[in-house]
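Keep the model open beside you as you read.

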Amino acid sequence: MARTVRLLMPVAALLFLGLALLIRVVDDGALRQYSGTALYASMVWAGVLFLWPRMAPVPAGTLATVFCWLVECAQLTGVPADLSARSLAARLALGVQFDPVDLAWYPAGVAPLVVLHHLALARRRAASPAAGPAGGC
């Protein structure tokens, strides 16, 4: 199971990135801004599970959200803005300017994935022979 999760998470991160880039192409307003924030958090969630594939849904979601909040709050220092001025990669990963609204959009990007993760684990447990009754013997 851990190997499967580790293989799927880069694919998931690429899908989130692709969706974010597609939205940037077709929208120039609030959808672009806030979906990008939520999808950034989704990519972080995928990164957490890539690093720790056996992590339970709520701790994985919590870690991803807290990481995003820390990156957002780091923008108050000006260091991400300085790095972003020199590197597109830093701009995409760290952002430039603190936006308190983003603090709410990070959990919005992670919460649905936590629910899906929980449902996938529950389904896997239900399908597993060890999870069911012992049988007729």
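**Pockets and packing**

The lining of the largest pocket is made up of 12 nonpolar, seven polar and six charged residues; here Ala, Val, Leu, Ile, Met, Phe, Trp, Tyr, Cys and Pro count as nonpolar, Asp, Glu, Lys and Arg as charged, and the others, Gly among them, as polar. This is a predicted model, in which local features need pLDDT of at least 70 and side-chain atom pairs count only at pLDDT 80 or more, while totals for chains, interfaces and linings use all residues. Residues are numbered from 1 along each chain as its sequence is written, and side-chain values use heavy atoms, with hydrogens and water left out.

Back to that pocket. A pocket is an open set of points on a 1 Å grid over the protein atoms alone, where a 1.4 Å probe fits, with protein on both sides within 12 Å along at least five of seven lines, and its lining residues have an atom within 4 Å of a point. The largest one holds about 770 Å³ of space, the volume being the space filled by probe spheres set on the points, which are joined across faces, edges and corners. Its lining has 25 residues, with Arg24, Gly36, Arg91, Leu92 and Gly95 nearest the centre. At least two lining residues come from each of H1 (2-26), H2, H3, H5 (88-94) and H6, and H2 gives the most, with six.

The second largest pocket has about 460 Å³ of space. Of its 23 lining residues, Met1, Val5, Met9, His117 and Ala120 lie nearest its centre. Here H1 gives the most, with nine residues, and the lining divides into 18 nonpolar, two polar and three charged residues.

Now zoom out. The protein chain has six helices and zero strands, where helices (H or I, at least four residues) and strands (E, at least two) are DSSP runs numbered from the N terminus. Its C-alpha atoms fill a box of roughly 70 × 30 × 25 Å along the principal axes.

How do the helices pack? Take H1 and H2: their axes are 8 Å apart, at an angle of about 170 degrees. Axes are lines fitted to C-alpha atoms, for helices over the stretch in contact, and angles run from 0 to 180 degrees between N-to-C directions. H1 and H2 are therefore roughly antiparallel (angles under 35 degrees count as roughly parallel, over 145 as roughly antiparallel, 65 to 115 as roughly perpendicular and the rest as oblique). Contact means heavy atoms within 4.5 Å, and the residues that meet include Val5, Met9 and Phe16 in H1 and Leu39, Trp45 and Leu49 in H2. By class, this contact of H1 with H2 has 18 nonpolar, two polar and three charged residues.

H2 (residues 30-51) also packs on H6, at about 50 degrees with the axes 8 Å apart, and that makes H2 oblique to H6. Among the residues that meet are Tyr34, Ala41 and Trp45 in H2 and Trp105, Tyr106 and Leu113 in H6. The contact of H2 with H6 divides into 10 nonpolar, five polar and one charged residue.

Finally, the axes of H3 (residues 57-74) and H6 (residues 102-127) come within 9 Å and cross at roughly 165 degrees. That makes H3 roughly antiparallel to H6. Val58, Ala64 and Trp69 of H3 are among the contact residues, as are Leu103, Val110 and Leu121 of H6.
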